[in-house]
Amino acid sequence: MHRLDVPAPHLLPFAIGSFDTIGPLSRAGFPHRHSFHEIVYVTGGTGTHVLDEDRRPLCPPHLCFITPGQVHYWDRVSGLRGWVILFTDDFLLAHPGDRDALTALGERPWTRPGPDDAARLAGLVGEMLREYDERAPSFTSVLQAQLHILIARALRMSAPRDTPGPAGASGSGEAEGPSGSRRADFASGRAALVAREFTRLLAQPGSAGRSVRSYADELGVSVGHLAELVKRSTGRTPGQLIRHAQTVEAKRLLSGSGLTVAQVARRVGFGDPAYFCRFFRRETGLSPGDFRRAADGAGGIHHDLRAESIEAPRLPE
C-alpha cells in the first residue's frame with residue numbers, strides 16, 4: 001500500500017509532475033495499491049499497464065484513472081512519458097461531487113483522446129503544472145477548479161467505444177486457464193462488485209455512523225464475508241473505509257459550514273463530542289478547532305498530518 005506524502009514547500013494533499021519528477025515509484029513494476037487517487041496521462045512509451053488484472057497495451061495518448069484500493073503496475077515499459085496527478089479525497093472538498101465522478105471513471109479507466117481532446121488536455125495539464133510550481137495567491141483554489149475541469153472533460157471523453165480493449169493474449173501462447181482460474185476471476189469480480197456497492201452506500205447522505213453490520217445486512221452478506229471481499233478489492237477493511245468517510249465528511253462540514261463541533265459530531269455519527277474530538281485528532285493529527293482555524297486561514301487547510309505516503313514502500317518478498 002503506497003501512501004501520499006508531498007514534501008515542503010507545497011504541503012498539499014496533491015502533487016503533479018512527470019514520471020521522472022514524481023519519482024521511480026510512479027512507474028513501479030510490482031503490483032501495489034494506493035490510498036489516494038491517481039490520474040495518468042501517458043504521452044509516449046511502450047509496454048503494458050496492468051490494472052486489477054486487466055492488461056492494457058500502451059498506445060499513447062492514454063488518460064487513465066486509478067482509484068484508491070485498485071491494484072496496478074507497469075509491465076516491461078520502455079520510454080514511458082507523460083504526466084502524473086496524485087491527490088487524496090481531502091483535495092476534493094471544494095467539489096465533493098467529483099468523488100462520484102472519479103468512481104465512475106475508475107470503472108472505465110482508460111480513455112484515448114482524439115487530437116483535439118489531446119491538445120486541450122495538454123494545455124490544461126500545463127496550466128496545472130504552472131499553478132503548482134508558481135504557488136501564486138489562491139493557487140490551491142485554482143488547482144481544485146482545474147482538477148474539476150479535468151474530471152468533467154474526462155467524463156465527456158470516456159464513452160466505452162473510446163477505451164482500448166484488453167490485450168487478447170499475454171504473448172506467451174497460453175490458452176485460457178482451467179476452471180480454477182475462472183473461479184478465481186469470478187471471486188475477484190465478486191469482490192470488486194461488493195466493494196463498489198459498499199462504497200456507493202457509504203457515499204449516500206446520512207450514511208455516517210452506520211455500522212459494518214448494517215451495510216452487510218443491506219448487501220445480503222455476512223459481516224465476515226463483507227470484510228473479506230472489501231479487503232480483497234481495496235486493501236482496507238470496511239471499518240477503515242467508514243472511518244475515512246466520517247473524517248472526510250467532518251472536514252467538509254468544519255471547513256464549509258458554520259456548524260458547531262458538537263453539531264458536526266452528530267452529523268457524522270458521534271453522540272459524544274469529546275469522543276468525536278479524540279477520533280478526529282487520531283485520524284488527522286489536528287483537533288476539529290485547529291482544523292477549522294487552519295481552513296479559515298489565508299491559504300486554507302493544505303495538509304493532513306497523517307496523510308498517507310508513496311515513499312519507501314515495502315518491497316515484495
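**Close-up views of a predicted model**

Both Phe-198 and Tyr-215 are buried. These legends describe close-ups of a predicted model.

**View A. The aromatic pair of Phe-198 and Tyr-215.** Phe-198 belongs to helix H5 (residues 179-202) and Tyr-215 to helix H6 (residues 212-219), so that the pair links distant parts of the chain, 17 residues apart. The ring of Tyr-215 also has the charged end of Arg-210 over it, 4.1 Å from the ring centre.

**View B. The aromatic cluster that includes Phe-280 and Phe-291.** One cluster is formed by Phe-270, Tyr-275, Phe-276, Phe-279, Phe-280 and Phe-291. In the structure as a whole there are 9 aromatic pairs. Phe-280 and Phe-291 make an edge-to-face pair because their ring centres are 5.6 Å apart and their planes stand at 80 degrees. Phe-280 is in helix H10 (residues 273-284) and Phe-291 is in helix H11 (residues 288-295), so this pair ties together parts 11 residues apart in sequence. Phe-280 and Phe-291 are both buried.

**View C. The largest nonpolar core.** This core has 42 residues, and Phe-14, Phe-87, Met-128 and Leu-147 have the most contacts inside it. At least two residues each come from strand E1 (14-18), helix H1 (19-22), strand E3 (37-51), E5, E6, helix H2 (98-107), H3 and H4. Beyond its neighbours within four places in sequence, Met-128 is in contact with Phe-14, Ile-16, Ile-85, Leu-143, Gln-146, Leu-147 and Leu-150. Another core, of 14 residues, lies apart from the largest one; Ala-191, Val-194, Phe-198 and Val-230 are among its members.

**View D. The cis peptide bond between Pro-60 and Pro-61.** The bond from Pro-60 to Pro-61 is cis, and its omega is near 5 degrees. Pro-61 is in the loop between strand E4 (54-57) and strand E5 (62-66).

**View E. Arg-76 and its positive phi.** Arg-76 is not a glycine, yet its phi is positive, at about 55 degrees. The residue is part of strand E6 (residues 71-87). Arg-76 counts as exposed because its relative accessibility is 76%, the cut-off being over 50%.

**View F. Ser-138 and its positive phi.** Ser-138, also not a glycine, has a positive phi of about 65 degrees. Ser-138 is placed in the loop between helix H3 (115-134) and helix H4 (139-157). With 55% relative accessibility, Ser-138 counts as exposed.

Conventions:
Residues numbered from 1 in each chain as written. Predicted model: local features only at pLDDT ≥ 70, side-chain atom pairs only at ≥ 80, totals over all residues. Heavy atoms only, no water. Helix = DSSP H or I, 4+ residues; strand = E, 2+ residues; numbered from the N terminus. Buried < 20%, exposed > 50% of the residue type's maximum accessible area, 1.4 Å probe, protein only. Core = buried A, V, L, I, M, F, W, Y, C linked by side-chain atoms within 4.5 Å. Contact = heavy atoms within 4.5 Å. Phe/Tyr/Trp six-rings, centres within 6.5 Å; stacked < 30°, edge-to-face > 60°. Lys NZ or Arg CZ within 6 Å of the ring centre and 35° of its normal.
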